[in-house]
Amino acid sequence: MKTIFFVFMPKGGVGKTTISILLTAEMLRRNKAVQILDIDRQQELKMWVDEWCTLNPDKANLIVDSKNERDCLIIDSKPGADDQFGASNDDILKTLAAWSQEQTVRVILPFLPGKQEIKALRVAIELLDQYAPTIPRGIIINRRKNSRIDTELIAEAKQISNATVLGYLTDLIAYREIKCEGKAVWQYETTAAISRFDDFVRVFNFRSKGDATREWAKVAKSLDQFMSVPG
Ligand SMILES: Nc1ncnc2c1ncn2[C@@H]1O[C@H](COP(=O)(O)OP(=O)(O)O)[C@@H](O)[C@H]1O
Ligand SMILES: [Mg+2]
């Protein structure tokens, strides 16, 4: 199945790039041919993909650069609503609306529980309703802390968006193997502290004891359903 994912939220720091990377990694793990479109001026998704290709030369042909070759296109979007780099969100949404006549297009909304993020979600939904009302939307709740205020904000986000909740990510934890006097011991760090281009590349290969793999596995499972519902 050919699918386009637009990872969209007109606010920086909510997890768009992180989720774009996780999505790309997921599709590559499924041996899908992936094309990326990185509209974030920091180009971190692109850098991650380049690094992944270097580390996985035997699978590097899964990264493609044409519409005909791809199974899926993953679009990471701008860090903020006012960023002038690349195409505007409005233009992307208009284009996606046109493409959705023939292709499976899905919008993924990373939501980080917070007051500012509620505002950004409202803006995102307004833009979607205006330019791409028929494209299905799925929310990934990012960095949930399980606090009462989070629960309230998540309920508000669900109500505002009327979107499918694809799953929850708390602070992602990847385990790194540390050898001590020849013996393997385990240590963990959060992704905020580790380099995306190192541990993120291998996060699915880790002998992970943490929640990261389990949490993502749930999201990945709900993606299948999300991709198959008629748009
Ligand atoms: N679930 C998470 N757990 C730990 N760190 C995270 C998580 N999501 C995002 N981060 C970190 O938060 C920062 C902002 O995330 P990023 O994906 O770059 O957001 P955006 O692309 O929306 O600006 C990055 O340093 C990233 O590593
Ligand atoms: Mg980003």
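Two strands count as paired when DSSP finds at least two bridges between them. With that in mind, welcome to this predicted model, in which six strands form an open sheet with parallel pairing. Helices pack on that sheet, among them α3 and α5, and ligand 1 has 16 residues around it.

**The sheet**

- Reading across the sheet, the strand order is β2-β3-β1-β4-β5-β6.
- The edges are formed by β2 (34-38) and β6 (164-169), each of which pairs on one side only.
- On average, neighbouring strands are turned by 20° against each other, with direction ignored.
- For a closer look at one pair, take β4 (residues 104-111) and β5 (residues 137-142): they run parallel and are joined by five bridges.
- I108 has G138 of β5 as its bridge partner.

**Helices on the sheet**

- Helix α3 (residues 89-99) touches β1 (3-7) and β4, and its direction makes about 160° with that of β1.
- Helix α5 (residues 148-161) touches β4, β5 and β6, and its direction makes about 165° with that of β5.

**Where α1 meets α2**

- The axes of helix α1 (residues 16-29) and helix α2 (residues 44-55) come within 9 Å and cross at roughly 30°.
- Angles under 35 degrees count as roughly parallel, so α1 is roughly parallel to α2.
- The crossing of α1 past α2 is right-handed.
- On the α1 side the contact uses T17, S20, I21 and T24, while α2 brings E44, L45, W48 and V49.
- By class, the residues of this contact are four nonpolar, three polar and one charged.

**Where α3 meets α4**

- The axes of α3 and helix α4 (residues 115-131) also come within 9 Å, crossing at roughly 45°.
- That angle makes α3 oblique to α4.
- Here, too, the crossing is right-handed.
- N89, D90, L93, K94 and A97 of α3 meet L127, L128 and Y131 of α4.
- This contact divides into five nonpolar, one polar and two charged residues.

**Around ligand 1**

- Of the 16 residues that surround ligand 1, the closest are G15, K16, T17, T18 and L172.
- Helix α1 gives the most to this shell, with three residues.

How values were computed: Residues numbered from 1 in each chain as written. Chains lettered and ligands numbered in written order. Predicted model: local features only at pLDDT ≥ 70, side-chain atom pairs only at ≥ 80, totals over all residues. Axes fitted to C-alpha atoms, helices over the stretch in contact; angles between N-to-C directions. Helix = DSSP H or I, 4+ residues; strand = E, 2+ residues; numbered from the N terminus. Parallel < 35°, antiparallel > 145°, perpendicular 65-115°, else oblique. Left-handed = near helix turned anticlockwise from the far one by under 90°. Contact = placed C-beta atoms within 7 Å. Nonpolar A, V, L, I, M, F, W, Y, C, P; charged D, E, K, R; others polar. Near = placed C-beta within 6 Å.
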